[in-house]
Protein chains: 2
Amino acid sequence: MDSAATEQPQSRNARRREQTRAKLIDAAKVLFARQGVERTRINEITESADVGFGSFYNHFESKEAIVDAVLSETAADHAMAIVSATGEVEDPAEVISVAHRHFVRLAIADPQLAALAVELVFSNQAIVDSLRPFAREDLKRAADAGRLDIPDLEVALHATGGALQGTIRGVLEGDLGVDADIAHAALVLRMLGLSPTEADEIARRPFPETSLGAGAGT
Amino acid sequence: MDSAATEQPQSRNARRREQTRAKLIDAAKVLFARQGVERTRINEITESADVGFGSFYNHFESKEAIVDAVLSETAADHAMAIVSATGEVEDPAEVISVAHRHFVRLAIADPQLAALAVELVFSNQAIVDSLRPFAREDLKRAADAGRLDIPDLEVALHATGGALQGTIRGVLEGDLGVDADIAHAALVLRMLGLSPTEADEIARRPFPETSLGAGAGT
């Protein structure tokens, strides 16, 4: 039974392999953020991770492959941070507001990561696919509860996701103010059927503690 | 006076130069649409335009340069087509609806061009910059007339532009139905402060004649 076999405790080798991969990803994250993807060479990643240059290729085919891995992990980390930060939030409209504000605030706080995300995440189908179920679930829950009015879930999913990308791009271009997260969340809630007044009220609610901290706007 | 000099009638040489450039762009448009940018070689463009291979480089530095020129021209053509098609439309909210529907319908009618646009236009700052003034003008006119409620024009501009890109991506992924243009336009009008009922009514109005023709949804 193959599936049972893969569920066995990992051998020491497999654990070590896992650890090396994680060290490479952590080192790459720091270097990409500090100096950009373009200027980061593979030998810098292996040196910073303190592993041999050759062993990089036991884990990744190319620099592109580790960029994808970094972005997938980062995206998943943020999705989970939002899920955990909104565990106590009862209003499904507010959950959506917090999720959108989280990513806009991330772009304001960490423009280099955001630039990487705009450039790469949205053109990377695997990563988009990995985040979309979270967004679909949030919209569906709010629509099923009668809290939001979403006549076409798929169009709403793509349009709200695109709106987020557009706003993040605006942050990166320096076009938007410090309250862009609130303005953006209010627009998204309007899209989902709330009146401008109610959308604005929800978008301005205190931002819950997430990995980004409470910060401005709370 | 330099500026007066450049306004003189063009010499025969300058006219011929202009014509050759236009022939190259037209040929490239057809080839890019038929077989994709990747698979189009420069010599195919010059052969199809019936100009010498070497003269390509009198006009463009590289294949990327002619791709940019094709997309800039295409974007400008569509912006002008929308302006002319909506000349008779009095409701500024409907103008915005038609503009968004135009681009979503374009993606449905011409997925290859749309794929090119999603891949290249939105990552090309020059082209984004060339289209944004049209969108800003439309939003500003509707807000100034009190027709729409747009508290933060810049966030709205980026978020609605991004929503359009997201919906076009959804069309390309095959996720959306044939009425995606109407569903999308309704979401955009909600974003801009209209109630779901009114947004839906405007989004469903007959689509005016543009270069895309009236087609479905009229």
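At roughly what angle do the axes of helix H6 and helix H10 of chain B cross?

What we have here is a predicted model, in which local features need pLDDT of at least 70, side-chain atom pairs count only at pLDDT 80 or more, and totals for chains, interfaces and linings use all residues. Residues are numbered from 1 along each chain as its sequence is written, while chains are lettered from A and ligands numbered from 1 in the order in which they are written.

To the question, then. The axes of H6 (residues 92-109) and H10 (residues 180-191) of chain B cross at roughly 145 degrees and come within 8 Å. Axes here are lines fitted to C-alpha atoms, for helices over the stretch in contact, with angles from 0 to 180 degrees between N-to-C directions. Helices are DSSP runs of H or I with at least four residues, numbered from the N terminus. Among the residues making the contact are Ile96(B) and Val104(B) of H6(B), and Ala185(B) and Val188(B) of H10(B); contact requires C-beta atoms, placed from the backbone, within 7 Å. By class, this contact has nine nonpolar, three polar and three charged residues. Nonpolar covers Ala, Val, Leu, Ile, Met, Phe, Trp, Tyr, Cys and Pro; charged covers Asp, Glu, Lys and Arg; the others, Gly among them, are polar.

Let us turn to chain A. Its domain assignment gives domain 1 (11-60) and domain 2 (63-203), with bounds from an automatic or database assignment. The C-alpha centres of these two domains of chain A lie 29 Å apart. Ten residues of domain 1 of chain A contact ten residues of domain 2 of chain A. On the domain 1 side, H2(A) supplies the largest share, six residues. That side divides into nine nonpolar residues, no polar and one charged.

In H2(A), Leu24(A), Ala27(A), Ala28(A), Leu31(A) and Phe32(A) are buried, meaning that 20 or more other C-beta atoms lie within 10 Å of the residue's own, whereas exposed means 12 or fewer, and partly exposed lies in between. After H2(A) comes Gly36(A), with a positive phi near 90 degrees.

Finally, consider Asp50. Most residues other than glycine have a negative phi. Asp50(A), although not a glycine, has a positive phi of about 60 degrees. This residue, Asp50(A), lies in the loop between H3 and H4 of chain A. Asp50(A) counts as exposed because it has 9 C-beta neighbours inside 10 Å. In chain B, phi of Asp50(B) is positive, near 60 degrees.

How values were computed
Two residues are in contact if their C-beta atoms, placed from the backbone, lie within 7 Å. Helices (H or I, at least four residues) and strands (E, at least two) are DSSP runs, numbered from the N terminus.
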